[in-house]
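Please look through the sequence and the structure shown below before reading on.

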Amino acid sequence: MNRQQLTPIFTKLKEHIKTQPVPFHIPGHKNGTGMDEEFREFIGSNILNMDLINIEPLDDLHHPSGVIDDAQKLAAEAFGADYTFFSVQGTSGAIMTMILSVCAPGDKILVPRNVHKSIMNAIIFSGAVPIFMYPALDEEFGISHGITPLTAQHALDRHPDAKALLVINPTYFGFSSDLGAIVETAHQYDVPVLVDEAHGVHIHFHENLPPSAMEAGADMAATSVHKLGGSMTQSSVLNVQGARTSIAHVQAVFSMLTTTSTSYPLLASLDTARRQLALKGHVLIENTLELAEQTRASINSIKGLYCAGAEMLEQNTVTAMDPTKLLISVQQLGINGYEAEKWLRKHYHIEVELSDLYNILCIISFGDTEKETSLLVEAMKDLARQHYTPEAYTAPAVLKLPSIPTLSIAPRDAFYAGKETIALSESAGRIIAEFIMIYPPGIPVLLPGEIITEENLTYIQANAAAGLPVQGPEDPSLQTIRVIQEQKPIQ
């Protein structure tokens, strides 16, 4: 029998429920009988019976030695890892575990400038010092791609003492750089590679998708199974391989960051999602790729719309892409992505994954059929009919990025330091205590601990004048900014 047919956690849960145990333990709803009646009837009894705690038959996520350990080892086989940890706190929890496993206070970590906030949170918690690398930019779509191998090489040449190099692969929009080359370069310096693989759980299971982190030889990868792998929201995995990381140490850090009230419905969904990916993933993804390409072709036949495709591989910064991500530019319609999102919601009850100033992003998964994609195409035709005129197109207002500011103090020190509010126009030379991001391209202009420059202020003001959203500051009007309080002499 193929071991991947097994589901240790899910099977044991069903067996335990069949014995009809009398619970004198938490959760206090006692299989739903102590719960609000309307809610209980709506969600059903099976999941409430499964909502248990780490009693002996069900193992313990913090010290796995039974069914959880078995399930994690099966996942490691499926993902090509040495060991896999199940996360019930999403990929954010897995990302924080990765970083805290390799970085101590004062350690350097090489990270792309367009990182997810969970990465900056982990850097604040660890006390590590980020060394930022600019990702490649796509001015047509106004988005950022990954870092290139050359960028990674330059960063490692300048900071060979870095404790880790972090890569986003694939990006939110489904594009990948040459991860294998980046890993090979980093390992020449004996620097472990950590991968934010939040949007790539499925890529390991089909040869026509970008190489996965484990296939590329990365040391750790935080992977969202719930996003595109069929498990429930908030369930993810952390894959580990190689001798540069200690599985025992990762387990210790993971346990520090994980709730002791483990969700067994989430664990069971990870267990069964892994089974589906391992046994049926290739066929399911094959059908999904075909459906996505049909949808892409249909959208590209609509005047005024452009859905990115294989032509993106002609850029030297993109070596592979995930076609299940439909990045649709609406620039030629004379509206922005936010307006397109609201229109689709109002007129067709369609919810998109993301919208920005130029685009909407739609995801096709193996939960979709031609029924759903046909509705999307019909809606996009209607949207274009109502908005497209030949003169509607305006070129993207992407401005040249400023230099990365000097990091004066570690982000953790900036987070805990005393703060004060001053006029943004008078903040040059001060140390910022909050984030400022322009979207697109979604790259932070300023992060806590960095010194504000006149170049930063000019860039922020120019983007705001061009209509680009400025996110992060407590003051949405951009009149004031939070900075580190200066120590003034006592008189």
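**A walk through the predicted model**

In helix α6, the residues Ser118, Ile119, Met120, Ala122, Ile123, Ile124 and Ser126 are buried, where buried means under 20% relative accessible area, exposed over 50% and partly exposed in between, with a 1.4 Å probe and protein chains only. Helices (H or I, at least four residues) and strands (E, at least two) are DSSP runs, numbered from the N terminus. This is a predicted model, in which local features need pLDDT of at least 70 and side-chain atom pairs count only at pLDDT 80 or more, while totals for chains, interfaces and linings use all residues. Residues are numbered from 1 along each chain as its sequence is written, and side-chain values use heavy atoms, with hydrogens and water left out.

Because 7 of the 10 residues of α6, which spans residues 117-126, are buried, this helix is largely enclosed by the rest of the structure. The cover over its buried residues includes α5 (90-102), β2 (108-112), β3 (129-133), β6, β8 and α15 (411-416). After α6 comes Gly127, whose phi is positive, near 80 degrees.

One of the elements covering α6 is strand β8, which runs over residues 193-197 and has 5 of its 5 residues buried, so that β8 too is largely enclosed by the rest of the structure. In a regular strand the side chains alternate between the two faces of the sheet. In β8, Val193, Val195 and Glu197 point one way and Leu194 and Asp196 the other way, and all are buried. Strand β6 (residues 164-168) pairs with β8 in the parallel sense over 4 bridges, and two strands are said to pair if DSSP finds at least two bridges between them. Strand β9 (residues 220-223) also pairs with β8 in the parallel sense, over 4 bridges. Leu194 of β8 is the bridge partner of Leu166, and Leu194 also stands opposite Met220 in β9.

In the loop between β8 and α9 (213-216) lies His199, which is buried because its relative accessible area is 13%. Apart from its neighbours within four places in sequence, His199 is in contact (heavy atoms within 4.5 Å) with Pro170, Thr171, Tyr172, Lys227, Leu228 and Lys325.

Axes are lines fitted to C-alpha atoms, for helices over the stretch in contact, and angles run from 0 to 180 degrees between N-to-C directions.

The axes of α1 and helix α12 (residues 264-300) come within 7 Å and cross at roughly 130 degrees, which makes α1 oblique to α12. Here Pro8, Ile9, Phe10 and Leu13 in α1 meet Tyr264, Leu267, Ala268, Asp271, Thr272 and Arg274 in α12.

How many disulfides does a search of the whole structure find? The search finds 0, a disulfide being a pair of cysteine sulfur atoms within 2.5 Å. Cys307 is in no disulfide, and the nearest cysteine sulfur, that of Cys362, is 8.3 Å away. Cys307 counts as buried because its relative accessibility is 0%, and Cys103 counts as buried at 8%.

Note on methods
Parallel < 35°, antiparallel > 145°, perpendicular 65-115°, else oblique.
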